[in-house]
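Please read it alongside the sequence and the coordinates shown here.

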Amino acid sequence: TDVTEFNIRGERVYLSPILDLYNGEIISYEIADRPQIKTVMQMLQKAFKQLTSKDRPILHSDQG
């Protein structure tokens with residue numbers, strides 16, 4: 001997981017994804033117009049909803 005800044009048509013856009021390193025699948029993501037903790041929290045909440053009681057995830061954040 002990370003927050004990455006993109007420039008699209010002169011506007012800054014921030015992407016916060018969770019990528020499954022096992023199969024390359026994007027588990028969850030949020031896009032925002034500025035970097036803020038709210039974006040990351042929403043992305044994490046979406047990801048947690050997909051977990052089952054048997055799942056044992058490990059989350060690594062680049063904190064860049």
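Two strands are taken to pair if DSSP finds at least two bridges between them. On that basis, β1 and strand β2, which covers residues 11–19, pair in the antiparallel sense over five bridges. The model is predicted. Its three strands form an open sheet with the order β1-β2-β3 and antiparallel pairing. Strands β1 (4–8) and β3 (26–32) stand at the edges, each with a single partner strand, so one side of each is left without a neighbour in the sheet. From one strand to the next, the twist averages 30°.

- Asn-7 has Arg-12 in β2 as its bridge partner.
- Glu-5 stands opposite Tyr-14, which is also a residue of β2.
- The two strands form a hairpin with two residues between them.
- Arg-9 lies in the loop between β1 and β2, and its phi is positive, at about 55°, although Arg-9 is not a glycine.
- Arg-9 has a relative accessibility of 84% and therefore counts as exposed, the cut-off for that class being over 50%.

**Pairing of β2 and β3**

- β2 and β3 pair in the antiparallel sense over six bridges.
- Leu-15 has Ile-31 in β3 as its bridge partner.

- Helix α1, made up of residues 37–49, lies across β2 and β3 and runs at about 155° to β3.
- Met-41 lies in helix α1.
- The relative accessible area of Met-41 is 41%, so this residue is classed as partly exposed.
- Met-41 and Glu-30 are eleven residues apart along the chain, and their C-alpha atoms are separated by 9.3 Å.

- Ser-28 has its place in strand β3.
- With a relative accessibility of 4%, Ser-28 counts as buried, because that class takes in residues under 20%.
- A polar atom of the Ser-28 side chain lies 2.7 Å from the backbone oxygen of Met-43.
- Neighbours within four places in sequence aside, Ser-28 is in contact with Ser-16, Pro-17, Ile-18, Met-43, Lys-46 and Ala-47.

**Largest pocket**

- The largest pocket has a volume of about 550 Å³.
- It is lined by 17 residues, of which Ile-18, Leu-19, Ile-27, Pro-57 and Ile-58 are the closest to the pocket centre.
- Both β2 and α1 supply at least two residues each to the lining of the largest pocket.
- α1 gives the most to that lining, with three residues.

Technical notes:
Residues are numbered from 1 along each chain as its sequence is written. This is a predicted model: local features need pLDDT of at least 70, side-chain atom pairs count only at pLDDT 80 or more; totals for chains, interfaces and linings use all residues. Side-chain values use heavy atoms; hydrogens and water are left out. Helices (H or I, at least four residues) and strands (E, at least two) are DSSP runs, numbered from the N terminus. Axes are lines fitted to C-alpha atoms, for helices over the stretch in contact, and angles run from 0 to 180 degrees between N-to-C directions. Contact means heavy atoms within 4.5 Å. Buried means under 20% relative accessible area, exposed over 50%, partly exposed in between (1.4 Å probe, protein chains only). A polar contact is a pair of N or O atoms within 3.5 Å; within protein, one must be able to donate a hydrogen and the other to accept it, and residues adjacent in sequence count only if both atoms are side-chain atoms. On a 1 Å grid over the protein atoms alone, a cavity is a set of points where a 1.4 Å probe fits but cannot get out, and a pocket is an open set with protein on both sides within 12 Å along at least five of seven lines; lining residues have an atom within 4 Å of a point. Grid points are joined across faces, edges and corners, and a volume is the space filled by probe spheres set on the points.
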